[in-house]
Amino acid sequence: MTKVYEGVIPAGHVYIRDSVMEKGNIFGAKVAKSAWAKDLNLPRKAEYIFFAGCGYQLMRYAGGMMGAIKAAEKMGMGMDKMIGVSKAFGKLGIDVAGMAGKFSAVGKEDPYTRYLTNAVSTLRKLGVDLGYLYEDEPCCGSPLYYSGFIDDYIENARRNYERFRSLEVKKIIGLIPACTGSLKNLYPKLVDGYDLEVKHFIEVVAERLRQQNIKPKLKEKTVATYHDPCQLSRYLCLVKEPREIMSRIEGLELREPEPMQRGEWSTCCGGGGGMEVCFPELSDRLAGKRIEELLATGANTIITSCPACEMQLLKGLQREKKTDIKVVDLAEIVDQAL
Amino acid sequence: MSKNDNNDLKELEKEILSGIQSCIKCRECLHMCPTYEGWATQGPYGRLMAINLHLKYGLGSEEELSNLLFACSTCRRCLERCKRLSSGTSVTDLIIKARQYLAKRAKARG
């Protein structure tokens, strides 16, 4: 199957396709995807279903994967000449599934998964009747669409819709911008009779804060800047909402980047469209540039709302050797303030 | 290659080519593109032209075109620029569609 794409689709993208289609997650990790939620007592049926997605849960494996890809390039193995990254992992003695075993304790050393808990806790505080599908939650398959595997994407989308229907899901709240965009904007075009109501976490939070006129308060005064993820600002068109939320939080001073570097015009973190798996050097450069733009505001905290952006910005900070700057998710800030 | 696959491909090719037709070649998108570092083919405009030339006249190999297309981060900054201040070409979507075209053709070839 993978051989037909040789020289046409980069090996990293084919690897992600095979992982989604065969293992139901983007990195092919053999890990229980619902482990983060085991202490939260979320019901399986509720008015709104929380869609956790792959990103936040599996982003910690991405670092290792990118490292392996770069190592392969330095060794002169030439990624595109290889049939698949999974085989490259074998050659380098790195086993993605084995790595998953090492990190079985979810939540402590992993900087991403806790944001899911933050999001759930925020929504509960705002009175949303929230449920979660646990291991029944499918992968939305959005990388398939952007990598060009449209037939597989449609097949996956139809299968997912059937599953949502059989589990009586009506309304979904997503946290990862790409997954939410996929469920909200792409599925209706490609799946017949698709009628799920999909909203992004930020949309719901902004709406509820406005309705209930809540002014959350942060304990420590924070000077922060906001990085607009492309999937959020230009695919889901959520530019005002995150700013509305942040302007409501007391003790948070928002310092925006230049007008042509924010909102609809925000520049790329280098993590979009899967470019980091085939052009890691270029992707690193973009991350560095974006960090420079954000730090020109003088803020010491970068708030954003996308797992891929967070990974890239952390990489950019390492590259620019700025270790005292924090990257946090908007979900965490709201949860702390509420 | 089955007849059905062939029709699908033809349909997609038509869609991409007619989409590219609406580009007025103002090249304003180049300055918007995060991956643009001096060569037109590192930006949206160049990518669209490369797709056009490849689909219409078979210029450039599949691998070369694929390298240009997959260097795009699909961040849509070019699309925003084109929508607001130029011809409203759905640049990013056309690049994604061209990736889909390449994958479809490779699969149909077997």
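Q: What makes Arg27(B) partly exposed in this predicted model?
A: Arg27(B) has 14 other C-beta atoms within 10 Å. A residue is buried at 20 or more and exposed at 12 or fewer, so a count in between is called partly exposed. Arg27(B) therefore counts as partly exposed.

Q: Where in chain B does Arg27(B) lie, and what is its phi?
A: Arg27(B) lies in the loop between helix 1 (3–21) and helix 2 (29–32) of chain B. Its phi is near 65°, a positive value in a residue other than glycine.

Q: Why does Arg76(B) count as buried?
A: Arg76(B) has 25 C-beta neighbours inside 10 Å. The cut-off for a buried residue is 20 or more, so Arg76(B) counts as buried. Arg76(B) is found in the loop between helix 4 and helix 5 (77–85) of chain B. Its phi is also positive, about 70°, although Arg76(B) is not a glycine.

Q: Which residues of helix 4 of chain B are buried, and what do they pack against?
A: In helix 4 (residues 62–70) of chain B, the residues Leu65(B), Ser66(B), Leu68(B), Leu69(B) and Phe70(B) are buried. The buried residues of this helix pack against helix 3 (44–57) and helix 6 (91–109) of chain B, together with helix 12 (275–278) of chain A.

Q: Why is chain B called as compact as a globular protein of its length?
A: The radius of gyration of chain B is 14 Å. The globule rule gives 13 Å for 110 residues, and the value for chain B is close to that, so chain B is as compact as a globular protein of that length. The C-alpha trace of chain B spans about 40 × 25 × 25 Å along its principal axes. Of its 110 residues, 40% count as buried.

Q: How many helices and strands does chain B have?
A: Chain B has six helices and zero strands. Its elements run α-α-α-α-α-α from the N terminus on. Among contacts in chain B with a separation of 6 or more, 64% come from residues 24 or more positions apart.

Q: What does chain A supply to its contact with chain B?
A: The contact takes 26 residues from chain A and 24 residues from chain B. On the side of chain A that touches chain B, helix 6 (142–147), helix 10 (230–235), helix 12 and helix 13 (280–295) of chain A each supply at least two residues. The largest share, three residues, comes from helix 10 of chain A. By class, this side of chain A has 17 nonpolar, seven polar and two charged residues.

Q: What makes strand 6 and strand 8 of chain A edge strands?
A: Four strands of chain A form an open sheet in the order 6-5-7-8, with parallel pairing. Strand 6 (250–254) and strand 8 (326–329) each have a single partner strand, so one side of each is left without a neighbour in the sheet. Neighbouring strands of this sheet are turned by 40° against each other on average, direction ignored.

Q: How do you know that strand 5 and strand 6 of chain A pair?
A: Strand 5 (residues 217–226) and strand 6 of chain A are joined over four bridges in the parallel sense. Pairing needs at least two bridges, so these strands pair. The bridge partner of Val223(A) in strand 6 is Glu253(A).

Terms used:
Residues numbered from 1 in each chain as written. Chains lettered and ligands numbered in written order. Predicted model: local features only at pLDDT ≥ 70, side-chain atom pairs only at ≥ 80, totals over all residues. Axes fitted to C-alpha atoms, helices over the stretch in contact; angles between N-to-C directions. Contact = placed C-beta atoms within 7 Å. Nonpolar A, V, L, I, M, F, W, Y, C, P; charged D, E, K, R; others polar. Rg over C-alpha atoms; globule rule 2.2 N^0.38 Å.
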